Amino acid sequence: MTVPTDLDARFRAEAAAQGLLDVAYDFTDSPVGTLLLATTTRGVCRISFDPEAESELEPLAREFGSRVLRSPKPLDPVRRELDDYFEHRRDAFDLPVDITPLPTFQRLVLEELARVPYGEVETYGGLAAKIGNPKAARAVGGALNRNPVPIVLPCHRVVGSNGSLTGYAGGLERKRALLDLEAGRLGL
Amino acid sequence: MTTAPPGPPPFERFYEEHRDEIYRYLVRMLGRQAAEDAFQETFLKALRAYANLRHARHLRAWAFTIATRVAVDERRRARPEPLGEHELPSLDSDPAYAELDHLTGELPRTERAAVVLRYGYDLAYADIAAALGSSEEAARQAASTGVRRLRRKGIA
């Protein structure tokens, strides 16, 4: 005898409704594959291209607190904005993000990254210069590689100084797909 | 150098690991309908307390403790519904207990919890004592009185 599905769903919804969760997470389908989405009460704290919750739950618990539970409702706004983005109805996200546990330098990089406009690209060196540290291109690359909220924080818009795609934690194919989507080149 | 014991796992893991067992236990204690509310209350209570857990030890016994307190309170409020035939647990590692299990509904609540936790879930008396908020000796006593009472009603 296992827990009835509707009882399980009721508990997960109630846990979020009563504000008892440090992190709510769920999965969503997207044109670039299944995504794991996670949010705190302050904002989106994780978007992962790796749909195996296995690798994400422990880090989420370490960073935000152990009350991490799959609960779909709190992710509704995230799902909605992502759907809009993939269907060309939105070119900027209104979602708040929660990157509070990150080191200062990485937060600085990601905050600057958020200003790179839809459909445009920036170089690692350019981003480094904008945060007042023009020699830090490599460190900027490292900070972007560990971007916990890709797509919403658009690290796919950062490329090498010769225009090459260079790298992407979610894989170069996804980076290309996202840039193509924003350039209107491809119906994802 | 000593290392700190690992903290509790993400709540999702704890919940996935224990939800079915706790649900079955609550159905045994309260019947299916009341078990649904008690299930929700048990895990909401667990969530409220979870942030303060400092280690990952004894989580199973901890879950049974919360469920037992919820169930005992619930039984104080209402008489249990009679358990239907289909609600009897079909698998039990202890055949002698399985023959008695359907009679536990007639036991006083602490005896019932003690008997079910000891013989149905193999919890140690120390854990049952924690669940009942009693001494280990009292837990042992409740289980054995419960079993004697069952034997008189049942087969032995």
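## Burial and overall form of chain A

Of the 188 residues in chain A, 39% are buried. This is a predicted model, and the values below are computed from it.

The radius of gyration of chain A is 17 Å, which agrees with the value near 16 Å that a compact globule of 188 residues would have. Along the principal axes, the C-alpha atoms of chain A fill a box of roughly 60 × 35 × 25 Å.

## Secondary structure of chain A

Chain A contains seven helices and six strands. Read from the N terminus, the order of these elements is α-β-β-β-α-β-α-α-β-α-α-β-α.

Contacts in chain A can also be sorted by separation in sequence. Taking those between residues at least 6 apart, 56% join residues at least 24 apart.

## The two domains of chain A

Chain A has two assigned domains: domain 1 covers residues 5–86 and domain 2 covers residues 104–182. In chain A, the distance between the C-alpha centres of domain 1 and domain 2 is 24 Å.

The contact between these domains of chain A involves seven residues of domain 1 and nine residues of domain 2. Strand β3 (residues 44–48) of chain A supplies four residues, the largest share of the domain 1 side that touches domain 2. By class, that side of domain 1 of chain A has six nonpolar residues, one charged residue and no polar residues.

## Contact between chains A and B

Where the chains meet, 20 residues of chain A and 21 residues of chain B take part. On the side of chain B that touches chain A, the elements giving two or more residues are α1 (11–30) and α2 (32–50) of chain B. The most comes from α1(B), with nine residues. The side of chain B that touches chain A is made up of twelve nonpolar, seven charged and two polar residues.

For the complex, the predictor gives an ipTM of 0.91 and a pTM of 0.84.

## Confidence along chain B

The average pLDDT of chain B is 82, and 79% of the residues score at least 70. Confidence in chain B is highest in α2(B), at a mean of 96, and lowest in helix α4 (residues 95–101) of chain B, at 58. Residues 81–95 of chain B have a pLDDT below 50; in the model this stretch has 21 contacts beyond near neighbours in sequence.

## Helix α5 of chain B

Helix α5 of chain B spans residues 109–120 and has twelve residues. From its first C-alpha to its last, α5(B) reaches 15 Å, close to the 16 Å expected at 1.5 Å a residue.

Eleven of the twelve residues of α5(B) are buried, so this helix is largely enclosed by the rest of the structure. Among the buried residues of α5(B) are B:T110, B:E111, B:R112, B:V115, B:L117, B:R118 and B:Y119. After α5(B) comes B:D122, which has a positive phi, near 60°.

B:D73 is part of helix α3 (residues 59–77) of chain B. B:D73 counts as exposed because it has 12 C-beta neighbours inside 10 Å, and a residue with 12 or fewer falls in that class.

The C-alpha atoms of B:D73 and B:D37 are 12 Å apart in space, while the two residues are 36 residues apart in sequence.

Methods:
Residues numbered from 1 in each chain as written. Chains lettered and ligands numbered in written order. Predicted model: local features only at pLDDT ≥ 70, side-chain atom pairs only at ≥ 80, totals over all residues. Contact = placed C-beta atoms within 7 Å. Nonpolar A, V, L, I, M, F, W, Y, C, P; charged D, E, K, R; others polar. Rg over C-alpha atoms; globule rule 2.2 N^0.38 Å. Buried ≥ 20, exposed ≤ 12 C-beta atoms within 10 Å, placed from the backbone. Domains from an automatic or database assignment. pLDDT = per-residue confidence, 0-100. Expected span 1.5 Å × (residues − 1).
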